[in-house]
Amino acid sequence: MWHELAKAFCLVLIIEGILPFLYPNRWRELVASLAQTDDRVLRLIGFISMLAGAVFLWVIK
């Protein structure tokens with residue numbers, strides 16, 4: 001199980017690095033706009049992201 005978890009973490013790092021690598025200026029603007037976003041909105045986005053990931057894992061299993 002730890003091996004699969006390490007693979008998943010590596011894939012997350014690769015996917016997270018695509019936008020800053022390809023579009024650094026746009027990514028910087030996005031991060032600046034996220035800094036001004038309300039905490040409740042960010043928490044809602046995080047919750048929806050976690051829920052979507054869990055549902056997707058359930059579906060592919």
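How many helices and strands does the protein chain have? The protein chain of this predicted model has three helices and zero strands.

**View 1. Overall fold of the protein chain.** Along the sequence the pattern reads α-α-α. Helices (H or I, at least four residues) and strands (E, at least two) are DSSP runs, numbered from the N terminus. The C-alpha trace spans about 35 × 30 × 20 Å along its principal axes. The radius of gyration of the protein chain is 15 Å, whereas a compact globule of 61 residues would have one near 10 Å; the radius is taken over C-alpha atoms, and the globule rule is 2.2 Å times the number of residues to the power 0.38.

**View 2. Surface of the protein chain.** Of the 61 residues, 0% count as buried. Buried means under 20% relative accessible area, exposed over 50%, and partly exposed in between (1.4 Å probe, protein chains only).

**View 3. The pair Glu 29 and Arg 26 in helix 2.** Both residues lie in helix 2 (residues 24-35), three residues apart, about one turn of the helix. Glu 29 forms a salt bridge with Arg 26, and the closest N and O atoms are 3.6 Å apart. A salt bridge here is a side-chain nitrogen of Lys or Arg within 4 Å of a carboxyl oxygen of Asp or Glu; by this rule the count is one. Glu 29 and Arg 26 are each exposed.

**View 4. Thr 37 in the loop between helix 2 and helix 3.** Thr 37 sits in the loop between helix 2 and helix 3 (39-60). Thr 37 is partly exposed, with a relative accessible area of 26%. A polar atom of the Thr 37 side chain lies 3.0 Å from the backbone oxygen of Ser 33.

**Notes.** Residues are numbered from 1 along each chain as its sequence is written, and side-chain values use heavy atoms, with hydrogens and water left out. In this predicted model, local features need pLDDT of at least 70 and side-chain atom pairs count only at pLDDT 80 or more, while totals for chains, interfaces and linings use all residues.

Note on methods:
Polar contact = N/O pair within 3.5 Å; in protein donor to acceptor, adjacent residues only side chain to side chain.
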